Amino acid sequence: MITDIAAASTVRPAAPHHRSPRLCDAVGNTPVVWIDAPFTGGGRGFWAKLEGANPGGIKDRPALHMVRCARERGELRPGCRIVESTSGTLGLGLALAGIAHGHPVTLVSDPGMEPLMYRLLRAYGADVVTVDRPAEVGGWQQARRDKVQALLAAEPGAWCPDQYSNPDNVEAYRPMAHELRHQLGEIDTLVCSVGTGGHSAGIARTLRQFTPSLRVVGVDTVGSTIFGQPAGTRLMRGLGSSIHPRNVDYEAFDEVHWVAPAEAVWSCRAMASASYASGGWSVGAVGLVAGWLARSSAPDSRIAAVFPDGPQRYFDTVYNDEYCRSHGLLAQEPALEPDELAHPHERVVDRWTRCSTVIDPRTAGRTPS
């Protein structure tokens, strides 16, 4: 009898008739969780969409979608190389897409990429090219884009998704909006970090088809040019920009908040210890703003905040005491209220600041002095 059991255990089950699942099939349908502490209590709080539950993070969605669309249109031919600029998260998504569809991947970053992210991307088979100096105009971001163009010119057939202006980046988030509606019902306020502008535009456009009164709050970093502030040194990765991405839908936003690195670090760590749900720079900044909205909005207001990733890749930065101490990020907790700005050109901000005047800096002139 024992022999029969042992023999039976070596028999492989019949192969299923359907296609076997792959890791890219695990992208999407991420959970939402309720967060109150450390920001509020008494029944107030917000719902966080945990995009860190995707294999690589939120940008698995546009990476797979942009590659799939380019293949269908014949822009990306079988076996040809994918080349793109990234601070990290899109790189993870493109590495996944490259494996799934059989494309080599080259990613261009800069010295600010976390060591852990660099090693992860290499482990996933991507070639990582690091630029050594910022561009005079556009900083590190423009230097990376310039290098992408040089690599494309050197390899016929290579393709760049151009996440900053590719409309497929925006369209990739339509399913995520439907997920939120299925999970939460009607949403009053959507809170999103803004970098390329993809997920804020894609989710807001879809949700407003059902809820025209949806309030959309953008979260940026100090030193970013996206919403009309002058370019400055940016420590935070994943949100903000030193260029003006075409995918940013300025008309979608009702207000914008700028958050400083120390404030994002406090928020990340406070959420981790109070609710276990946390992440990196973008998550900290979004959580801080969503927590304030939960305190200041009507008690029955339904607030949805997008958390683009989890905490794991920030071992060397946000959750590293030595790193944070060396950059002056272990300061006291942020103010309970944001500073107020009447217009983005009023002054340069260096702490958490809110502005309900949203401009497109590509077309808007400065207000008269």
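Two strands are taken to pair if DSSP finds at least two bridges between them. In this predicted model, local features need pLDDT of at least 70 and side-chain atom pairs count only at pLDDT 80 or more, whereas totals for chains, interfaces and linings use all residues. Residues are numbered from 1 along each chain as its sequence is written, and side-chain values use heavy atoms, with hydrogens and water left out. The view shows an open sheet of three strands in the order E3-E4-E5, with parallel pairing; strands (E, at least two residues) and helices (H or I, at least four) are DSSP runs numbered from the N terminus. Strand E3 (82-85) and strand E5 (127-130) form the edges, each pairing on one side only, and the twist from one strand to the next averages 20°. Strand E4 (residues 105-109) runs parallel to E5 and is joined to E5 by four bridges, and Thr106 has Asp127 of E5 as its bridge partner. Helix H3 packs on this sheet and touches E3 and E4, with a direction that makes about 170° with that of E4; contact means heavy atoms within 4.5 Å, and angles, from 0 to 180 degrees, are taken between N-to-C directions of axes fitted to C-alpha atoms, for helices over the stretch in contact.

**The crossing of helices H9 and H10.** The axes of helix H9 (residues 261-275) and H10 come within 7 Å and cross at roughly 85°, so the two helices are roughly perpendicular to each other, a term that covers angles of 65 to 115 degrees. On the H9 side the contact is made by Pro261, Glu263, Ala264, Val265, Trp266, Ser267, Cys268 and Met271, which meet Trp281, Val283, Gly284, Ala285, Gly287 and Leu288 in H10. By class, this contact has 10 nonpolar, three polar and one charged residues, where Ala, Val, Leu, Ile, Met, Phe, Trp, Tyr, Cys and Pro count as nonpolar, Asp, Glu, Lys and Arg as charged, and the others, Gly among them, as polar.

**The largest pocket.** This pocket has a volume of about 780 Å³ (a pocket is an open set of points on a 1 Å grid over the protein atoms alone, where a 1.4 Å probe fits, with protein on both sides within 12 Å along at least five of seven lines; lining residues have an atom within 4 Å of a point; the volume is the space filled by probe spheres set on the points, which are joined across faces, edges and corners). Of its 50 lining residues, Ser87, Arg234, Met236, Arg237 and Gly238 are the closest to the centre. At least two lining residues each come from helix H3 (89-101), helix H5 (139-154), helix H8 (198-208) and helix H10 (281-296), and H5 gives the most, with four. The lining divides into 19 nonpolar, 23 polar and eight charged residues.

**The second largest pocket.** About 650 Å³ of space lies here, lined by 30 residues, of which Gly52, Asn54, Pro55, Gly56 and Gly57 lie nearest the centre. H3 and helix H4 (115-123) each supply at least two residues of this lining, and the largest share, six residues, comes from H3. By class, the lining has 18 nonpolar, eight polar and four charged residues.

In the loop between helix H1 (2-9) and E1, Asn29 has a phi near 55°, a positive value in a residue other than glycine. Pro38 lies in the loop between E1 and E2, and the peptide bond from Ala37 to Pro38 is cis, with omega near 10°.

Methods. Angles under 35 degrees count as roughly parallel, over 145 as roughly antiparallel, 65 to 115 as roughly perpendicular and the rest as oblique.
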